[in-house]
Amino acid sequence: MASIPFPSSAGVSERMSKQRRRDTRPEISVRKLLHALGLRYRVAWPIPGTKRRSVDIAFTRAKVAVFIDGCFWHSCPEHASRPAANDTWWSEKLAKNIARDVTTNEHLRQAGWRVVRIWEHEDPAEAVDRIVEEVARARAER
């Protein structure tokens, strides 16, 4: 991939610099609901054997990894969009994000983890139901 292109405008540059990597609204909504149910977890837990990758919400004893993916950054099938400026660079960038998600899932599964991926647009209560079910299944098998 080529080096980072120049921003198409000062406004774009400002918006992109404010993008959070963690503690996004969808993450916090899900975490609050999980915590209210009495579930405890790790936040931004580093994935062993990988560089610069972490699990958004990790249930380390149950080995359940939860990722809350942004629709833009992970190319949501319902809400994906592409910037008009620097199209080639963004296409490559987003394709690499998807490939990294796939390798991360596989790495965790080979290490005995269950992976739950949630889109940022999903209802937090429904997402929590899925997470709780997966944690319960994982605990029942241990």
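User: On what basis are residues numbered, and which pLDDT limits apply to local features and side-chain atom pairs?

Analyst: Residues are numbered from 1 along each chain as its sequence is written, and side-chain values use heavy atoms, with hydrogens and water left out. As the model is predicted, local features need pLDDT of at least 70 and side-chain atom pairs count only at pLDDT 80 or more, while totals for chains, interfaces and linings use all residues.

User: How many helices and strands does the protein have, and what makes a run of residues a helix or a strand?

Analyst: The protein has 4 helices and 4 strands. Both are DSSP runs numbered from the N terminus: helices are H or I with at least four residues, and strands are E with at least two. The order from the N terminus is α-α-β-β-β-α-β-α.

User: What is the span of helix α2, and how does one know what span to expect?

Analyst: Helix α2 covers residues 25-36, has 12 residues and reaches 17 Å from its first C-alpha to its last. Just after α2, Gly38 takes a positive phi of about 90°.

User: Which residues of α2 are buried, and what places them on the same side?

Analyst: The buried residues of α2 are Pro26, Glu27, Val30, Arg31 and Leu34. They cover an arc of only 125° around the axis, and therefore lie on the same side of α2. The arc is taken from the directions from the helix axis to the C-beta atoms. An α-helix has 3.6 residues a turn, so residues three or four places apart point the same way. On the other side of α2, Arg25, Lys32 and Ala36 are exposed.

User: Against which elements do the buried residues of α2 pack?

Analyst: They pack against β1 (42-46), β2 (54-59), β3 (64-69) and α4 (124-141). The criterion for contact is heavy atoms within 4.5 Å.

User: Why is Thr104 called buried?

Analyst: Buried means under 20% relative accessible area, exposed over 50%, and partly exposed in between, with a 1.4 Å probe and protein chains only. Thr104, in helix α3 (residues 87-110), has a relative accessible area of 6%, and is therefore buried. In the protein as a whole, 31% of the 142 residues count as buried.

User: What makes the pairing of Thr104 with Arg53 a polar contact?

Analyst: A polar contact is a pair of N or O atoms within 3.5 Å; within protein, one must be able to donate a hydrogen and the other to accept it, and residues adjacent in sequence count only if both atoms are side-chain atoms. The side chains of Thr104 and Arg53 are joined at 2.9 Å, and the pair is listed as a polar contact. The side chain of Thr104 also reaches the backbone oxygen of Arg100 at 2.8 Å. Leaving aside neighbours within four places in sequence, Thr104 is in contact with Ile47, Arg53, Phe67 and Arg117.

User: How do you know that Cys71 is in no disulfide?

Analyst: A search of the whole structure finds 0 disulfides. For Cys71, the nearest cysteine sulfur is that of Cys76, 3.9 Å away. A disulfide is a pair of cysteine sulfur atoms within 2.5 Å, and the sulfurs of Cys76 and Cys71 are therefore too far apart for a bond at 3.9 Å. Cys71 counts as buried at 5% relative accessibility, and Cys76 is buried at 1%.

User: Why is the pair Arg114 and Glu141 called a salt bridge, and which parts does the pair tie together?

Analyst: A salt bridge is a side-chain nitrogen of Lys or Arg within 4 Å of a carboxyl oxygen of Asp or Glu. The side chains of Arg114 and Glu141 meet at 2.7 Å, N to O, in a salt bridge. Arg114 lies in strand β4 (residues 114-119) and Glu141 in helix α4, so the pair ties together parts that are 27 residues apart in sequence. Glu141 counts as exposed, at 62% relative accessibility.

Key:
The expected span of a helix is 1.5 Å times one less than its number of residues.
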